[in-house]
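Here are my notes for someone opening this one for the first time. Have a look at the sequence and the model, then read the points in order.

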Amino acid sequence: MRTFNNICAQGDVYIRKIDKMPEGVTPVEPIKGKVVVAHSETGHNHVMLAERVKQYRLPDSIMDIFLEVETATALEHLRPHDTHESIMFEPGFYHVRRQREYTPEGFRRIED
Amino acid sequence: MPTITRTPSKVTGGITPQEKQLMDKHSALWIERAFRTTPIEPDKIIPAIEGLYAVAGLKKPRVVIVPSPLVMAFCYGASAAIWYNNAATSNATLNATRNATRNATLNATRNATRNATDIATLNATENATENATSNATHEKDSAKACADLSGEFGLACAQRWTGVYQGGNMWAGYESYITAFRDILGLRLKEHVAYDHWEQAAIHGGFRVMHPEFCIVSDFPETLKIDDQNRPHCETGPSHRWRDGWALYHWHGTQIPAEWIEDKSSLTAQTALAWSNIEQRRAACEIIGWTNILRELEAKTIDKDEDPEIGELVEVTISEIGREKFLRVMCGTKREFALPVPPTMLTALQANAWTFGFDDVRQFVKPEVRT
């Protein structure tokens, strides 16, 4: 289990601690008790426990989400092999950026 | 040092070196069960499934054994659709239709099995190119058998098989964990009595789908190839192959298209770098080899950061497109990926920052921790 103070990355997500939640965010419903921080087509999601974290998104962005961690908890990668090590989050607000890649039309979110 | 407690109802405090030794043997046993390739034994799996339904308070189901998870999914779709339609038509006629439905269930299995088996037999005499297309053929034939029996509704049910499946021996990790508490640490709970049926089903069966009327259980694969970390992997053929011929291909745990292995000439450096799924793209690059990719695409290094997790910015030539830039970068699991980045990128750091949404590299801060 790793810890951090301000900025960390787990696979294709980059996370920065922020002072407060931005204006205009809307809540995201958890799935089966888990907050899915980054969805994977193959089911290898990056998740946190929904009972400890609230998730929000900006209505017009698929690249950014925001977390309100109420009780310390870990960001876990659900893959039985080549697993990204878990990272512990202390209570606070966090901005999560998904990784992107270039396309001739602009960019797309990385898929795995 | 925490106190070690061992009672039938409470197990706490870590494990002793002796228990660790026993657990290593225990996990090896379950790994062996997960990798089983000998045929399923009906006289062992059917009682386990019936026991599972009984402890859940359900009536005795029809247990149907099929040769592969593919056949299982389509048989489930056809059978579930038929049962649903029967119930919707009239509950009063349920008994009268049971026999017909049972036949349909069996026919669904037989049709899909026969088709798949026929193809498997044919495959033995087909050349390598035809073998490479066998997965699509299997899926098409099984889908047709399902559609013939139950129409679009049956196919829609088949697509939802993941909502009602259990992993059998392929979920061996959970079973190893639960049974280690019982068998090594001495935990004895009343729940273990009911769990016994689940455990037997995990030992004696593969994937299964559960329905109030029936349970369809897949046989084990006849071939299961792995790498040194127990990830499905084979460089010369399928990682998994079931007895009906259905097969899956993996590269160090990542599922890949069959043709990348069966017809290696189909996988070019250009195909690899243009592949949309990043994990499969990484696997494709490994199959071809980075040296070959860089040579084939006339790669030129633009900038290389001293930190491999920031990476190397390379420019390559893609036919009919021209020069494109990629960030070749190592992730927290020490695997190498290639990410297309805009042609305006000048340094690896700038490209790495851009991938995380920083158009201005000066605003980018390297993570303290990257996993």
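1. Chain B has an accessible surface of about 18,000 Å², and carbon and sulfur atoms account for 54% of that. Accessible areas here follow the Shrake-Rupley method with a 1.4 Å probe, and for residues only the protein chains shown count as cover.

2. A word on the ground rules. This is a predicted model, with local features needing pLDDT of at least 70 and side-chain atom pairs counting only at pLDDT 80 or more, while totals for chains, interfaces and linings use all residues. Residues are numbered from 1 along each chain as its sequence is written, chains are lettered from A and ligands numbered from 1 in the order in which they are written, and side-chain values use heavy atoms, leaving out hydrogens and water.

3. On secondary structure, chain B comes to 13 helices and 16 strands. These are DSSP runs numbered from the N terminus: helices are H or I with at least four residues, strands are E with at least two.

4. Chain B splits into domain 1 (15–220), domain 2 (222–255) and domain 3 (297–363), with bounds from an automatic or database domain assignment.

5. How much area is buried between domain 1 and domain 2 of chain B? About 1,400 Å², with 57% given by carbon and sulfur atoms. That figure is the accessible area (1.4 Å probe) that the two parts lose on being put together, summed over both.

6. The interface of domains 1 and 2 of chain B has 1 salt bridge, a term for a side-chain nitrogen of Lys or Arg within 4 Å of a carboxyl oxygen of Asp or Glu. Asp219(B) and Arg243(B) form a salt bridge through their side chains, at 2.9 Å from N to O.

7. Finally, Val316(B) sits in strand β13 (residues 312–318) of chain B. Is Val316(B) buried or exposed? Val316(B) is buried, because its relative accessible area is 2%. Leaving aside residues up to four places away in sequence, Val316(B) touches residues including Leu273(B), Leu297(B) and Phe326(B).

Technical notes. Buried < 20%, exposed > 50% of the residue type's maximum accessible area, 1.4 Å probe, protein only. Contact = heavy atoms within 4.5 Å.
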